[in-house]
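Here is a short briefing on one structure. Keep the sequence and the 3D view open as you read.

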Amino acid sequence: MVFSSPLFLFCYLPVVLILYYISPLKLRNFVLLVVNLIFYGWGEPLYIVLMVFTITLDYFAGLVVEHYKRKGNDLGARWAVAVALVLNLAILFFFKYWDLVASTLQHVGINMPALGLSLPIGISFYTFQTMTYPVDVYRGDAGVQKNLVSFSTFVTLFPQLIAGPIIKYKELADQMDQRDHTVERFASGVSVFVVGLAKKVLLANNLGQLWEVYLDTPVAQLTTAGAWLGVVAFSLQLYFDFSGYSDMAVGLGRMLGFEFLRNFDYPYISRSVTEFWRRWHISLGSWFREYVYIPLGGNRVSKGRLCFNLMVVWGLTGLWHGASWNFLIWGLYFGILLIAEKLFLKKWIDRWPRLLQHLYTLFLVVVSWAIFAVEDFTQLGGYLRAMFGMAQGGLVDSNAVYYLTSFLPILVIAAVAATPLAVKVWRGGEVRSFRVLRVALPVLLLVGLIFSTAYLVDASYNPFLYFRF
Amino acid sequence: MFSKRYSIFITVLFCAFLGVFALAQVILPDRTFSENENRNLQQMPTLELGTPELPGRPGTGNFFSGKFMSDFETYLTDQFPLRDGWITLKAATELALGKRENNGVYFGSEDTLFAKFTISNPTLAQENLTHVNTLADNLDVPVYFSLIPGKEVVWADRLPANAPNDDGMAFIQQAQESTSSAIWFDTASPLLSHSDEYVFYRTDHHWTSLGAYYGYAALMEAMGMEPVPLEEYDRTTVSDSFLGTTYSSSGAGWITPDSMDTYVPDEGISVITYPEGAPVEGSLYDYSKLEVKDKYSMFLGGNTPLAVISTQQTDAPKVLVIRDSYSDSLAPFLTAHFSEIHLFDTRYNRMPISSYVEANGIDMVVVLFSTSNFVAEQSIFQIAMGA
């Protein structure tokens, strides 16, 4: 189930909110668990079995680690952590990466059969969330959770189950057992949720149409202007899609009394690639820093080792995004850029004029999205060549003019919305005319809800063109 | 951040919005059919738990396959309260945001809607051209061939600037050049020279009766016959509320409807159609169709594998038209010149053409398609099959 659907908005969510708030406090985690499983099982009911397995595995791993620790058996505790990690990663590998490895090995003549299994929804997110729980128990960062319902509710928590943010158990441990359900928190959740919904439905989906035009354009017809238009549209689409989903998660969390950390902080206003990754998908960056980069030695190592560590982290970050080699290249691309910035480039960039710093960052990030979005290497090569002036369709054609003029208002709105400008005006205005904003907020929320509903209903609009003849 | 009272207000506002539509969904009666989309709407599915699919054993029921869930989602969106209103709101928003299209339909000037023209399968389009020549080679009677240009060619000046379409005129020229055994007749030039007239429906892809008249005149000229001058007909407006398929796709609920005219009276003309194989008495105009959404099917009552029109000119020749629905509105004009007009639809009719021509004493064959149907039609190969 996705948030941006009539099913979620007008069926699931109302029922969940009613059930949740009529239940006594003690039962609320259990109610949440039940609705979480319905949410998860909606698309692939069978994979609930997998989810139950993962939960059981990490729940008992936590207990075992705690048991050994109490007995002073450090080795036993380490073994328990290792076994849990291996099993978690094995599941992730089996469902997500098996076919990639199989098809790659088939290229070199080794016959490993592809399985064609459908990817369990959100497996990359929830595996990362739960596999670190035994680690945190071992490190003493998190207390052991003895209540199976509380632990299961954490793993399956529907607001962040399928698209993040990646929340570590230790961040939510206290809230699992005690959280405040205030109307103030609920109302702020509503406004964050509606902003996220509008980002996803009104901006991301719309920009996606423009990107699809250029993704489907054969390389022979691509123009330089078109290729840039397409990838800029994708850059904005991805941001609004992903951050919109994170906003909806934060908003829904608040409606249920939870407080999640923010996942995006206006990444496109960054002035270096390093800064970009501090603002983009923050929960993923912090996960890799904490569980891969620092355990590898972090930056308190020799320069050579530092480069190695960074390349490992970014190669894995790339592959986390999808089981396809272009994601690895995309990750390594950022690995190289971040190493360069760390070693020398950043000092130099810092002396540039601000505008140049922005352009430098945006240029490298937008180019990276082309690598990210085009999975087929031949097509990717053609697309990148088109971007850099070697387009087979020439510099610009009438299609590019049409799509640019047609999408210009959306692109401008999206570009402005990707900066904190609106929030600055809003906050600045709070002082000047509090009353206007008190009226403006509910109006904007209603407008956001109404237009999002119109776009969602339209997405299912499907006239049967009977007399195509 | 918010005061308590204000928070209550925001919370109630949000819950009321969700609640109103959630309740309306439950309370309002379900619709079975959407006129606008011309399809049956999804009804509430029934859950059959069944068993999951396991290696070597197919699953049963609609739960483990996920079909129940996807049907339920379709059910919710299909039955969403005020569905058509939301769709119009979305189309209007797109237009307000500077888009010149919605759901694959261009918003042209003068309330004209255009379906995008694309040749998605160039190989098929080329093969179809070859099939026409093969047909002409196989037959002893003359074969006349034309492709009707699309609205985006004839009314190109009404399209949004730079609107991407494949070049329909280029394909028509290619068709003309590749026509060797058949006799090409040109429907594009007369339509283009009358492009300031009402030759296409603004809300539908079909040509109007007036457009069909110009096509008819071009055919007569190619056959060496004299077309009836336009002035000799009495034009009758039979409907002024036609909203066609392009309109349905566009979601543009504010567009003014088209009017529909007929020129040729249907007295003294008998029509036999074969909707299911057996002959059924038909008519040149089925006025009952003016009451439904699909008003264009007024012409000959809509799609049928075969229709035979008999006139009182019993000495006149017999013509076979291999065609799409554009010929439904062209056929009335032919009644002045032929004793029998056979309308043959390759999508539903698998009879070999050569034996049909022989069995029915056909004197000439016309192959007439709109360009957009011709480049995409999968059944045309049948006309090239021998008896």
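F107(B) has L113(B) in β5(B) as its bridge partner. Keep in mind that this is a predicted model. The points below cover a sheet, a chain-to-chain contact and a helix pair.

**The sheet in chain B**
- Strand β4 of chain B covers residues 105-107 and is joined to β5(B) by 3 bridges.
- β4(B) and β5(B) run antiparallel.
- The open sheet has 3 strands, in the order β3-β4-β5 (chain B).
- Its pairing is antiparallel.
- β3 (101-102) and β5 (113-115) of chain B are the edge strands, and each pairs on one side only.
- In general, strands of a sheet pair through backbone hydrogen bonds.

**Where the chains meet**
- On chain B, 55 residues are in contact with 49 residues of chain A.
- Four elements of chain B each give two or more residues to this side: α1 (4-27), α2 (67-78), α3 (83-96) and α9 (245-250).
- α1(B) gives the most, with 15 residues.
- The side of chain B that touches chain A has 25 nonpolar, 18 polar and 12 charged residues.

**A helix pair in chain A**
- Helix α3 (residues 48-70) of chain A packs against helix α6 (residues 148-156) of chain A.
- Their axes are 10 Å apart, and the angle is about 125°.
- α3(A) and α6(A) are therefore oblique to each other, as the angle lies between 115 and 145 degrees.
- The crossing of α3(A) and α6(A) is right-handed.
- From α3(A), the contact uses M51(A), I55(A) and Y59(A).
- From α6(A), L148(A), F151(A), S152(A), V155(A) and T156(A) take part.
- This contact has 6 nonpolar and 2 polar residues, with no charged ones.

Definitions and conventions:
Residues numbered from 1 in each chain as written. Chains lettered and ligands numbered in written order. Predicted model: local features only at pLDDT ≥ 70, side-chain atom pairs only at ≥ 80, totals over all residues. Contact = placed C-beta atoms within 7 Å. Nonpolar A, V, L, I, M, F, W, Y, C, P; charged D, E, K, R; others polar. Pairing = 2+ DSSP bridges. Axes fitted to C-alpha atoms, helices over the stretch in contact; angles between N-to-C directions. Parallel < 35°, antiparallel > 145°, perpendicular 65-115°, else oblique. Left-handed = near helix turned anticlockwise from the far one by under 90°.
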